[in-house]
Amino acid sequence: MATLGIPQNTIAVLQKYGFQFQKKYGQNFLIDPRVLEKIIGAAGITKEDYVLEIGPGIGTMTQYLCEHARQVTAVEIDPNLIPILQDTLGEYGNVEILHGDILKVDIPALAQEKNGGRPIKVVANLPYYITTPIIMGLFESHVPLDSITVMVQKEVADRMQVGPGTKDYGALSLAVQYYAKPEIVANVPPNCFMPRPKVGSAVIRLTRHEQPPVSVEDEELMFALIRASFNQRRKTLANGLSNSPKLSLDKEQIREAIGQLGLRESIRGEALTLEQFARLADIIGKMRRIGSGV
Ligand code: SAM
């Protein structure tokens, strides 16, 4: 039975093993059964599902996942947690604990081996110091994904959801919205964790699009343009792009491309929609092809 969501049970396990929290691993364990149930509900886990959990901690959410899913793989970096997980998850026959760094795990190979290449669900109370690389890694590695339901810092959840013209809008908003539909499903205060984090948290569900909402000829070029525009947020789009060594575009080409989009030269990158970045990438891609005679 899933029992670790109750604070006294978590404390008993921590004491039994003399566990010391490691700040460097972003360890804030969930101690609120309502939040755990909310996450499982939002992820829509069924007995058909294969679930990848990132950072199981002492196995609190893993217990819930084992009870709802067909099969679970939980990847944990802290070696001190492995014997604890073997203990707290001992009664479940449908979980595999992997000791390692999630950023180094070959997740497409795991999805192939465990789920025959069918879309997997990712569920986690993420370590906040690597939220962005984990999420971008999942999308960019083209893992077959159904959805990612994760606890993140509230501010990061907001950034994933917003559109142009707001202070939180940036490269992460555009990347997430290109790959998935984001939806904040709960705001979670610090007292739901042990130890309490200094920031507010939120559960966000990212449902993978079957087709991206915009079409673009060169995805990589579009993301290079997006990154260059937001690297220098206070600059105009034209300056941001022409200052980027990676893009090596001359000012005249950039002005011409922005003009073709029907935008004024003084526009900032933060005012552009995903659709406009896609069109800009197509225009610049075409200019480059003509320039190189391809
Ligand atoms: N899932 C547990 C819970 O909700 O109580 C723990 C969540 S805690 C916020 C994040 C967990 O991720 C910790 O157990 C931490 O050791 C683990 N972790 C941190 N960096 C990791 C990495 N690179 N790869 C795998 N696990 C990691």
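Student: Which residue in β5 is the bridge partner of glutamate 53?

Tutor: The model is a predicted one. Strand β2 is joined by three bridges to strand β5 (residues 120-125), and the two run parallel. Within β5, glutamate 53 has as its bridge partner valine 123.

Student: Which residue in β3 does isoleucine 54 stand opposite?

Tutor: β2 is also joined to strand β3 (residues 71-76), by five bridges and in parallel. In β3, the residue opposite isoleucine 54 is valine 75.

Student: What is the handedness of the unit that β2, helix α3 and β3 make?

Tutor: The bridges between β2 and β3 join strands that run parallel. Together with helix α3 (residues 60-68), β2 and β3 form a β-α-β unit, and its handedness is right-handed.

Student: Why is strand β2 largely enclosed by the rest of the structure?

Tutor: Tyr50, Leu52 and Ile54 point one way from β2, while Val51 and Glu53 point the other way, and all are buried. Buried here means under 20% relative accessible area. Strand β2 (residues 50-54) is therefore largely enclosed, the number of its five residues that are buried being five.

Student: What area is buried between domain 1 and domain 2, and which residues of domain 1 lose the most?

Tutor: The protein is divided into domain 1 (7-208) and domain 2 (219-291). The area buried between them is about 970 Å², with 65% of it given by carbon and sulfur atoms. On the domain 1 side, 53% of what is buried comes together from the three residues that lose the most area to domain 2: Tyr169, Leu174 and Tyr178.

Student: How many salt bridges does the rule find across the interface of domain 1 and domain 2?

Tutor: In domain 1, 13 residues are in contact with twelve residues of domain 2. To count as a salt bridge, a side-chain nitrogen of Lys or Arg must lie within 4 Å of a carboxyl oxygen of Asp or Glu. Across the interface of domain 1 and domain 2, the number found is zero.

Student: Is the peptide bond from methionine 194 to proline 195 cis or trans?

Tutor: Most peptide bonds are trans. Proline 195 lies in the loop between β8 (193-194) and β9 (201-208). The bond from methionine 194 to proline 195 has omega near -15°, and is cis.

Student: What is the phi of histidine 142?

Tutor: Most residues other than glycine have a negative phi. Histidine 142 is placed in the loop between α6 (131-140) and β6 (145-153). Although histidine 142 is not a glycine, its phi is positive, at about 55°.

Methods:
Residues are numbered from 1 along each chain as its sequence is written. This is a predicted model: local features need pLDDT of at least 70, side-chain atom pairs count only at pLDDT 80 or more; totals for chains, interfaces and linings use all residues. Side-chain values use heavy atoms; hydrogens and water are left out. Buried means under 20% relative accessible area, exposed over 50%, partly exposed in between (1.4 Å probe, protein chains only). Helices (H or I, at least four residues) and strands (E, at least two) are DSSP runs, numbered from the N terminus. Two strands pair if DSSP finds at least two bridges between them. A crossover is right-handed if, with the strands pointing away from the viewer, the path from the first strand over the helix to the second runs clockwise. Domain bounds come from an automatic or database domain assignment. Contact means heavy atoms within 4.5 Å. Buried area is the accessible area (1.4 Å probe) that two parts lose on being put together, summed over both.
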